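This report goes through one protein chain, from its overall build to a few single residues. Please look at the sequence and the structure before reading on.

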Amino acid sequence: MTNKLTPFQFNNHIAHGAFVEITGGVAEMLDRRTYSPEVRALIGQAMAAMPLLSLHLRFEGRINLQFQGEKAIKLLVAQATQAGDAPLQIRGMAKLAKATPLAGGSFADLLSDGILALMLEPASDTQPTRQAMVPIDGNSLSEALEGYFAQSEQLPTLIRLAASRDKLCGFLLQRLPLEHTKATEEYWEHLSILASTLLPDELLAVEPETLLRRLFADEDYAIFEPRPVALSCRCSREGISLLLISLGREEVEQIVADQGRVAVTCEFCGHEYVYSRSDAATLFVAEGSEQSVLKH
Ligand SMILES: [Zn+2]
(Lines give C-alpha, C1' and ligand atoms only; values in the text may rest on other atoms or scores of the structure.)
Protein backbone atom coordinates (compact mmCIF):
# COMPACT_ATOMS: atom_id res chain seq x y z
CA MET A 1 0.00 0.00 0.00
CA THR A 2 1.62 3.26 -1.05
CA ASN A 3 -1.03 5.59 0.36
CA LYS A 4 -1.84 4.82 3.95
CA LEU A 5 -2.61 6.05 7.43
CA THR A 6 -0.83 4.05 10.14
CA PRO A 7 -2.42 4.65 13.57
CA PHE A 8 -0.70 3.86 16.86
CA GLN A 9 -1.62 4.20 20.52
CA PHE A 10 0.25 4.14 23.80
CA ASN A 11 -0.90 1.24 25.94
CA ASN A 12 -1.56 3.46 28.96
CA HIS A 13 -4.15 5.34 26.81
CA ILE A 14 -2.53 8.71 27.44
CA ALA A 15 -1.93 9.46 23.78
CA HIS A 16 -2.50 8.18 20.30
CA GLY A 17 -1.30 9.20 16.88
CA ALA A 18 -0.71 8.27 13.29
CA PHE A 19 1.62 8.52 10.35
CA VAL A 20 0.39 9.21 6.85
CA GLU A 21 2.31 8.52 3.65
CA ILE A 22 0.97 9.40 0.21
CA THR A 23 2.94 8.78 -2.97
CA GLY A 24 0.29 7.73 -5.49
CA GLY A 25 -1.74 10.43 -7.24
CA VAL A 26 0.24 13.51 -6.20
CA ALA A 27 1.19 14.49 -9.75
CA GLU A 28 -2.33 13.75 -11.04
CA MET A 29 -3.85 16.02 -8.39
CA LEU A 30 -1.42 18.93 -8.66
CA ASP A 31 0.43 18.94 -12.00
CA ARG A 32 -2.41 20.31 -14.14
CA ARG A 33 -2.70 23.41 -11.97
CA THR A 34 -0.09 26.17 -12.05
CA TYR A 35 1.20 26.63 -8.53
CA SER A 36 4.50 27.96 -7.25
CA PRO A 37 6.57 25.30 -5.42
CA GLU A 38 5.74 26.95 -2.08
CA VAL A 39 1.99 26.96 -2.70
CA ARG A 40 2.11 23.42 -4.03
CA ALA A 41 3.93 22.32 -0.85
CA LEU A 42 1.27 23.95 1.33
CA ILE A 43 -1.56 22.21 -0.56
CA GLY A 44 0.40 18.95 -0.20
CA GLN A 45 0.77 19.49 3.54
CA ALA A 46 -2.94 20.30 3.91
CA MET A 47 -3.83 17.11 2.02
CA ALA A 48 -1.42 15.10 4.21
CA ALA A 49 -3.16 16.52 7.28
CA MET A 50 -6.59 15.22 6.25
CA PRO A 51 -6.11 11.52 7.12
CA LEU A 52 -4.58 12.67 10.43
CA LEU A 53 -7.70 14.73 11.15
CA SER A 54 -9.87 11.75 10.23
CA LEU A 55 -8.18 9.79 13.02
CA HIS A 56 -9.88 12.03 15.52
CA LEU A 57 -13.11 12.58 13.55
CA ARG A 58 -14.13 9.23 12.11
CA PHE A 59 -17.49 9.54 10.46
CA GLU A 60 -19.25 9.05 7.14
CA GLY A 61 -19.17 12.18 5.07
CA ARG A 62 -16.75 14.96 4.28
CA ILE A 63 -14.19 16.83 6.33
CA ASN A 64 -13.54 20.20 4.76
CA LEU A 65 -10.47 22.14 5.87
CA GLN A 66 -10.18 25.74 4.69
CA PHE A 67 -7.58 28.41 5.15
CA GLN A 68 -9.07 31.76 4.18
CA GLY A 69 -6.29 34.30 3.82
CA GLU A 70 -5.77 37.94 3.02
CA LYS A 71 -2.36 37.61 1.38
CA ALA A 72 -1.19 35.74 -1.73
CA ILE A 73 -3.40 32.74 -0.97
CA LYS A 74 -7.06 33.70 -0.78
CA LEU A 75 -8.28 30.19 -0.13
CA LEU A 76 -6.62 26.86 0.48
CA VAL A 77 -8.92 23.87 0.69
CA ALA A 78 -8.32 20.23 1.52
CA GLN A 79 -11.16 17.73 1.70
CA ALA A 80 -11.44 14.14 2.88
CA THR A 81 -14.46 12.02 2.05
CA GLN A 82 -15.24 8.77 3.83
CA ALA A 83 -17.83 6.49 2.23
CA GLY A 84 -18.21 2.96 3.59
CA ASP A 85 -15.12 0.80 3.33
CA ALA A 86 -13.66 2.77 0.41
CA PRO A 87 -10.27 4.41 0.99
CA LEU A 88 -10.46 7.87 2.49
CA GLN A 89 -10.53 10.17 -0.57
CA ILE A 90 -8.41 13.30 -0.37
CA ARG A 91 -8.18 16.32 -2.64
CA GLY A 92 -6.87 19.85 -2.33
CA MET A 93 -6.51 23.17 -4.13
CA ALA A 94 -5.62 26.82 -3.66
CA LYS A 95 -6.99 30.06 -5.05
CA LEU A 96 -4.43 32.79 -5.39
CA ALA A 97 -4.87 36.54 -5.36
CA LYS A 98 -5.02 37.77 -8.97
CA ALA A 99 -1.86 39.82 -8.73
CA THR A 100 0.23 36.95 -7.41
CA PRO A 101 -0.54 33.79 -9.38
CA LEU A 102 2.91 32.31 -8.75
CA ALA A 103 3.58 33.67 -5.29
CA GLY A 104 6.31 32.18 -3.15
CA GLY A 105 7.68 32.97 0.26
CA SER A 106 7.17 31.81 3.80
CA PHE A 107 3.94 30.56 5.34
CA ALA A 108 3.38 34.02 6.85
CA ASP A 109 3.89 35.68 3.44
CA LEU A 110 1.35 33.41 1.82
CA LEU A 111 -1.30 32.76 4.41
CA SER A 112 -1.30 34.74 7.61
CA ASP A 113 -3.96 37.01 9.15
CA GLY A 114 -6.67 34.66 8.02
CA ILE A 115 -9.13 32.13 9.30
CA LEU A 116 -8.81 28.37 9.59
CA ALA A 117 -12.19 26.68 9.28
CA LEU A 118 -12.91 23.01 9.76
CA MET A 119 -16.31 21.76 8.62
CA LEU A 120 -17.76 18.33 9.22
CA GLU A 121 -20.36 17.52 6.61
CA PRO A 122 -22.04 14.18 7.42
CA ALA A 123 -23.27 12.09 4.51
CA SER A 124 -26.56 11.56 6.30
CA ASP A 125 -29.06 14.42 6.48
CA THR A 126 -30.05 13.35 9.97
CA GLN A 127 -26.76 14.60 11.42
CA PRO A 128 -25.99 18.33 11.57
CA THR A 129 -23.07 19.99 9.80
CA ARG A 130 -20.53 21.26 12.30
CA GLN A 131 -18.10 24.08 11.80
CA ALA A 132 -15.29 25.51 13.90
CA MET A 133 -13.16 28.54 13.09
CA VAL A 134 -9.97 29.87 14.63
CA PRO A 135 -7.52 32.58 13.49
CA ILE A 136 -4.57 31.25 11.50
CA ASP A 137 -1.69 31.36 13.95
CA GLY A 138 1.89 30.10 13.76
CA ASN A 139 4.70 29.92 11.25
CA SER A 140 3.61 26.81 9.40
CA LEU A 141 0.52 24.95 8.37
CA SER A 142 1.17 22.35 11.05
CA GLU A 143 1.44 25.02 13.76
CA ALA A 144 -1.85 26.51 12.55
CA LEU A 145 -3.50 23.09 12.89
CA GLU A 146 -1.98 22.57 16.33
CA GLY A 147 -3.54 25.92 17.27
CA TYR A 148 -6.90 24.66 16.01
CA PHE A 149 -6.75 21.57 18.22
CA ALA A 150 -5.65 23.57 21.25
CA GLN A 151 -8.33 26.23 20.85
CA SER A 152 -11.26 24.41 19.37
CA GLU A 153 -10.92 20.88 20.68
CA GLN A 154 -8.86 21.48 23.84
CA LEU A 155 -6.69 18.55 22.84
CA PRO A 156 -2.93 19.02 23.06
CA THR A 157 -1.67 17.88 19.65
CA LEU A 158 1.66 17.76 17.90
CA ILE A 159 1.61 17.75 14.10
CA ARG A 160 4.40 17.47 11.53
CA LEU A 161 3.73 17.73 7.80
CA ALA A 162 6.06 17.40 4.84
CA ALA A 163 5.54 17.56 1.10
CA SER A 164 8.04 16.93 -1.67
CA ARG A 165 7.24 17.00 -5.38
CA ASP A 166 5.86 13.45 -5.36
CA LYS A 167 5.35 12.49 -1.72
CA LEU A 168 3.19 13.81 1.11
CA CYS A 169 3.78 12.79 4.71
CA GLY A 170 2.41 13.62 8.10
CA PHE A 171 2.63 12.71 11.76
CA LEU A 172 0.23 13.41 14.59
CA LEU A 173 0.57 12.80 18.31
CA GLN A 174 -2.44 13.66 20.41
CA ARG A 175 -3.31 13.57 24.07
CA LEU A 176 -6.33 11.37 24.73
CA PRO A 177 -8.98 12.85 27.03
CA LEU A 178 -7.96 10.65 29.95
CA GLU A 179 -8.10 11.97 33.50
CA HIS A 180 -5.46 14.66 34.00
CA THR A 181 -3.23 13.74 36.91
CA LYS A 182 0.35 14.74 37.61
CA ALA A 183 1.52 11.38 36.28
CA THR A 184 -0.48 11.52 33.05
CA GLU A 185 0.58 15.13 32.45
CA GLU A 186 4.22 14.23 32.96
CA TYR A 187 3.95 11.29 30.60
CA TRP A 188 2.33 13.47 27.92
CA GLU A 189 5.14 16.02 28.37
CA HIS A 190 7.67 13.24 28.00
CA LEU A 191 6.05 11.97 24.78
CA SER A 192 5.77 15.44 23.26
CA ILE A 193 9.44 16.16 23.95
CA LEU A 194 10.41 12.89 22.25
CA ALA A 195 8.11 13.56 19.28
CA SER A 196 9.24 17.15 18.85
CA THR A 197 12.61 15.88 17.61
CA LEU A 198 10.99 14.56 14.43
CA LEU A 199 12.08 16.51 11.34
CA PRO A 200 10.09 16.89 8.10
CA ASP A 201 12.95 15.35 6.07
CA GLU A 202 12.89 12.25 8.28
CA LEU A 203 9.16 11.92 7.66
CA LEU A 204 9.73 11.88 3.91
CA ALA A 205 12.66 9.47 4.04
CA VAL A 206 11.93 6.91 6.75
CA GLU A 207 9.21 4.25 7.19
CA PRO A 208 6.64 4.92 9.96
CA GLU A 209 7.52 1.74 11.89
CA THR A 210 11.19 2.75 11.97
CA LEU A 211 10.35 6.30 13.02
CA LEU A 212 8.16 5.03 15.85
CA ARG A 213 10.99 2.82 17.09
CA ARG A 214 13.40 5.75 16.91
CA LEU A 215 11.11 8.24 18.65
CA PHE A 216 9.59 6.00 21.30
CA ALA A 217 12.19 3.26 21.78
CA ASP A 218 11.43 2.73 25.48
CA GLU A 219 7.67 3.29 25.36
CA ASP A 220 4.88 0.77 25.31
CA TYR A 221 2.70 1.27 22.25
CA ALA A 222 0.69 -0.68 19.70
CA ILE A 223 0.63 -0.09 15.93
CA PHE A 224 -2.64 -0.75 14.15
CA GLU A 225 -3.47 -2.02 10.70
CA PRO A 226 -2.85 0.76 8.13
CA ARG A 227 -5.95 2.31 6.57
CA PRO A 228 -5.97 3.02 2.83
CA VAL A 229 -5.98 6.60 1.62
CA ALA A 230 -6.52 7.78 -1.97
CA LEU A 231 -5.62 11.09 -3.55
CA SER A 232 -8.46 11.43 -5.98
CA CYS A 233 -10.77 14.14 -7.11
CA ARG A 234 -14.50 13.51 -6.99
CA CYS A 235 -15.25 15.64 -10.03
CA SER A 236 -17.18 14.09 -12.91
CA ARG A 237 -18.80 15.10 -16.17
CA GLU A 238 -22.15 14.37 -14.56
CA GLY A 239 -21.41 16.80 -11.70
CA ILE A 240 -20.23 19.51 -14.12
CA SER A 241 -23.38 19.01 -16.23
CA LEU A 242 -25.52 19.59 -13.13
CA LEU A 243 -23.51 22.73 -12.40
CA LEU A 244 -24.12 24.04 -15.93
CA ILE A 245 -27.83 23.24 -15.71
CA SER A 246 -27.99 25.16 -12.44
CA LEU A 247 -26.28 28.13 -14.16
CA GLY A 248 -29.28 28.27 -16.44
CA ARG A 249 -29.92 27.97 -20.13
CA GLU A 250 -29.48 31.63 -20.90
CA GLU A 251 -26.07 31.87 -19.29
CA VAL A 252 -24.80 28.70 -20.97
CA GLU A 253 -26.09 29.86 -24.36
CA GLN A 254 -24.23 33.13 -23.86
CA ILE A 255 -20.96 31.30 -23.18
CA VAL A 256 -21.44 29.19 -26.32
CA ALA A 257 -22.22 32.35 -28.30
CA ASP A 258 -19.05 34.02 -27.03
CA GLN A 259 -16.64 31.10 -27.09
CA GLY A 260 -18.15 28.51 -29.41
CA ARG A 261 -18.15 25.95 -26.60
CA VAL A 262 -18.22 25.64 -22.82
CA ALA A 263 -15.05 24.57 -21.01
CA VAL A 264 -15.10 24.05 -17.26
CA THR A 265 -11.89 23.32 -15.38
CA CYS A 266 -12.07 21.50 -12.04
CA GLU A 267 -10.55 23.77 -9.42
CA PHE A 268 -9.09 20.79 -7.58
CA CYS A 269 -7.47 18.51 -10.14
CA GLY A 270 -7.43 20.86 -13.14
CA HIS A 271 -9.29 18.38 -15.38
CA GLU A 272 -11.01 20.24 -18.21
CA TYR A 273 -14.56 19.29 -19.21
CA VAL A 274 -15.49 20.54 -22.67
CA TYR A 275 -19.02 20.86 -24.02
CA SER A 276 -19.48 21.47 -27.72
CA ARG A 277 -22.40 23.56 -28.96
CA SER A 278 -24.53 20.43 -29.33
CA ASP A 279 -23.39 18.95 -25.95
CA ALA A 280 -24.48 22.19 -24.28
CA ALA A 281 -27.83 22.12 -26.06
CA THR A 282 -28.40 18.50 -25.00
CA LEU A 283 -28.05 19.48 -21.33
CA PHE A 284 -31.23 21.46 -21.52
CA VAL A 285 -33.06 19.07 -23.82
CA ALA A 286 -32.65 16.39 -21.17
CA GLU A 287 -33.97 18.86 -18.65
CA GLY A 288 -37.27 19.03 -20.52
CA SER A 289 -36.63 21.82 -22.99
CA GLU A 290 -37.88 20.48 -26.29
CA GLN A 291 -35.42 22.10 -28.60
CA SER A 292 -32.17 23.92 -28.65
CA VAL A 293 -32.03 27.59 -29.35
CA LEU A 294 -28.25 27.52 -29.68
CA LYS A 295 -28.23 28.75 -33.25
CA HIS A 296 -25.16 30.93 -33.24
ZN1 LIG B 1 -11.37 17.32 -10.28
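## A term to begin with

Two residues are said to be in contact if their C-beta atoms, placed from the backbone, lie within 7 Å. The word is used in this sense throughout the report. The model described here is predicted.

## Overall build

The protein chain has 296 residues, and 34% of them count as buried. Its secondary structure comprises ten helices and 13 strands.

Contacts between residues at least 6 apart in sequence can be sorted by separation: 64% of them join residues at least 24 apart.

## Two domains

The chain is divided into domain 1, residues 4-231, and domain 2, residues 237-286. A distance of 35 Å separates their C-alpha centres.

Where the domains touch, seven residues of domain 1 are in contact with five residues of domain 2. On the domain 1 side, α1 (26-30) and β5 (88-96) are the elements that give two or more residues. The largest share, three residues, comes from β5. Sorted by class, this side of domain 1 has four charged residues, two nonpolar ones and one polar one.

In soluble globular proteins, nonpolar side chains tend to be buried together. In this chain, the largest nonpolar core has 65 residues, and I43 and A49 have the most contacts inside it. Helix α2, residues 37-56, gives the most to this core, with eleven residues.

Which residues does A49 contact, leaving aside its neighbours within four places in sequence? They are L65, A78, L145, I159, L161 and G170. There is also a second, separate core of nine residues, with L244, V256, V262 and A281 among them.

## Two residues with positive phi

Most residues other than glycine have a negative phi. H13 has a positive value, near 60°. H13 is found in the loop between β1 (4-10) and β2 (15-22).

Q154 counts as exposed because it has 9 C-beta neighbours inside 10 Å.

Methods
Residues are numbered from 1 along each chain as its sequence is written. This is a predicted model: local features need pLDDT of at least 70, side-chain atom pairs count only at pLDDT 80 or more; totals for chains, interfaces and linings use all residues. Helices (H or I, at least four residues) and strands (E, at least two) are DSSP runs, numbered from the N terminus. A residue is buried if 20 or more other C-beta atoms lie within 10 Å of its own, exposed if 12 or fewer, and partly exposed in between; C-beta atoms are placed from the backbone. Domain bounds come from an automatic or database domain assignment. Ala, Val, Leu, Ile, Met, Phe, Trp, Tyr, Cys and Pro count as nonpolar, Asp, Glu, Lys and Arg as charged, and the others, Gly among them, as polar. A nonpolar core is a set of buried Ala, Val, Leu, Ile, Met, Phe, Trp, Tyr and Cys residues joined through C-beta atoms within 7 Å.
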